[in-house]
Amino acid sequence: MGNITTNSQLAKLIRERRAVKKGYNDKEVTKEKVLEILEDAIWAPTHGMRQPWRFIFVEKDQLPEFAKKVAATYPLERQQNREDYLNEPNAILVVVMDEPESQKEWEENYGAVACMIQNFWLLAWERKLGAVWKTNPHIQDPKVKEILHVKPNEKIVSFLHLGYFDEAPAPKARISVEDKFSTYEG
């Protein structure tokens, strides 16, 4: 992993942020805290100011019922595993995107939502709230869209698993930017 070449707090935050997949403690992830973070996260770039996102918050006391419903969309032999998996975080924030007919606008919307999720993740990390962007097969399942009242012209982009943590995951090395960089030479 490259050395931090700046004293910027933002650069430090970007480099330290991790996906927290397990090891959540019992501290409650509140609706109020998620809303507070989202108020800043939505300042992501958004083409045409479409702001193509909306959010569905599943708090801890709703997770068992929610997990059971989503797990029921899987084959019987996988249901218990999926139910346990969806009960691991302390809360889930479902991120939903408007799906326009135009491919160009669809890509712009997805880019805006991805930027917003990164903003959310960094702001959560700053508050010692762990997050991980999950794109499991159930986000594509029409039955899950029905459970969440997702409209036909919307896409579930992510189940953001959330929870406070005591120990941050170890960093993983990145490929050097120099290995991914070239200069156009005509």
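**Exercise 1.** Work out how many helices and strands the chain has, and in what pattern they follow.

*Solution.* Start with the DSSP runs: helices are H or I runs of at least four residues, strands are E runs of at least two, and both are numbered from the N terminus. That gives six helices and four strands. Next, read along the sequence, and the pattern comes out as α-α-β-α-α-β-α-β-α-β.

Some ground rules before going on. This is a predicted model, where local features need pLDDT of at least 70 and side-chain atom pairs count only at pLDDT 80 or more, while totals for chains, interfaces and linings use all residues. Residues are numbered from 1 along each chain as its sequence is written, and side-chain values use heavy atoms, with hydrogens and water left out.

**Exercise 2.** Find out where E16 and K12 sit and what their side chains do.

*Solution.* Then check the side chains, which meet in a salt bridge at 2.7 Å, N to O (a side-chain nitrogen of Lys or Arg within 4 Å of a carboxyl oxygen of Asp or Glu). By this rule the count comes to ten salt bridges.

**Exercise 3.** Take the salt bridge between E88 and K22: which parts of the chain does the pair link, and how exposed is each partner?

*Solution.* The closest N and O atoms of E88 and K22 are 3.7 Å apart. The pair links distant parts of the chain: E88 is in the loop between α4 (76-86) and β2 (91-98), K22 is in the loop between α1 and α2, and 66 residues separate them. E88 has 32%, so it's partly exposed; K22 has 60%, so it counts as exposed.

**Exercise 4.** Describe the surroundings of K33.

*Solution.* Begin with helix α2 (residues 31-41), where K33 lies. Its relative accessibility is 24%, so K33 counts as partly exposed. Now skip the neighbours within four places in sequence: K33 is in contact (heavy atoms within 4.5 Å) with R127 and Y164. A124 is 91 residues away from K33 in sequence, yet their C-alphas are 9.1 Å apart in space.

How values were computed:
Buried means under 20% relative accessible area, exposed over 50%, partly exposed in between (1.4 Å probe, protein chains only).
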